[in-house]
Amino acid sequence: MLRQEPPPVIYVEYLVASPRLQLAGIYLVRFLLGILIIILLEILLSTASHTVDRCLGLDPNESRLQRKQRLPGLDLTYKYITYMILGFTVAILPLFVTIGFNVRSLL
């Protein structure tokens, strides 16, 4: 019976970089900027929806519950548009930012 020798063991050293405080700070700043962009976008969209209400001739002093009872589709449309734009901003915008902006280039 032929016996095969086991293949030689090859040891490869992988360098594992420990997280640095500077890189953690950059990630924290990016996170906070993202939250700030989402908050500003929510304020902008809310203001835009109130402007659209005025353009449609709706009473700005009317409570949201009264408006929802009178025009149920309008409130739902605003919510869909708002969260669609927020979702686009959260999902797609970082992709474009990452393409043109590399964190490693700052270090």
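I started with valine 52, which is partly exposed, with a relative accessible area of 38%. For my own scale, buried means under 20% relative accessible area, exposed means over 50%, and partly exposed is in between, with a 1.4 Å probe and protein chains only. I note that this is a predicted model, where local features need pLDDT of at least 70, side-chain atom pairs count only at pLDDT 80 or more, and totals for chains, interfaces and linings use all residues. Residues are numbered from 1 along each chain as its sequence is written, and side-chain values use heavy atoms, with hydrogens and water left out.

I placed valine 52 in helix H1. Its C-alpha atom is separated by 10.0 Å from that of tyrosine 78, 26 residues apart along the chain.

**Entry: the fold**

I found four helices and zero strands, in the order α-α-α-α from the N terminus. Helices (H or I, at least four residues) and strands (E, at least two) are DSSP runs, numbered from the N terminus. I also looked up burial: 15% of the 107 residues count as buried. The accessible surface is about 9600 Å², and carbon and sulfur atoms hold 69% of that; the areas come from the Shrake-Rupley method with a 1.4 Å probe, and for residues only the protein chains shown count as cover. Among contacts between residues at least 6 apart in sequence, 62% join residues at least 24 apart; contact means heavy atoms within 4.5 Å.

**Entry: the record**

In UniProt, an unreviewed entry lists residues 24-45 and 80-101 as "transmembrane region". Positions there are given in the numbering used here, feature names are shortened, and annotations may be inferred rather than shown by experiment. I checked residues 24-45 in the model: they are 100% helix and 0% strand, with the end C-alpha atoms 32 Å apart.

**Entry: threonine 82**

Is threonine 82 buried or exposed? I read it as buried, with a relative accessible area of 13%. Threonine 82 sits in helix H3 and, leaving aside neighbours within four places in sequence, is in contact with Glu42 and Leu45.

The largest pocket holds about 380 Å³ of space. Of its 14 lining residues, Arg30, Leu33, Gly34, Ile37 and Pro94 are the closest to its centre. On a 1 Å grid over the protein atoms alone, a pocket is an open set of points with protein on both sides within 12 Å along at least five of seven lines, and lining residues have an atom within 4 Å of a point. Grid points are joined across faces, edges and corners, and a volume is the space filled by probe spheres set on the points.

Which helix gives the most to this lining? I found H1, with nine residues. By class, the lining of the largest pocket has eleven nonpolar, two polar and one charged residues. Here Ala, Val, Leu, Ile, Met, Phe, Trp, Tyr, Cys and Pro count as nonpolar, Asp, Glu, Lys and Arg as charged, and the others, Gly among them, as polar.

The second largest pocket has about 320 Å³. I listed 16 lining residues, with Ser46, Ser49, Arg64, Asp75 and Tyr78 nearest its centre. Its lining has four nonpolar, four polar and eight charged residues.

Note on methods
1 Å grid on protein atoms, 1.4 Å probe; cavity = no way out; pocket = protein on both sides within 12 Å on 5 of 7 lines; lining within 4 Å.
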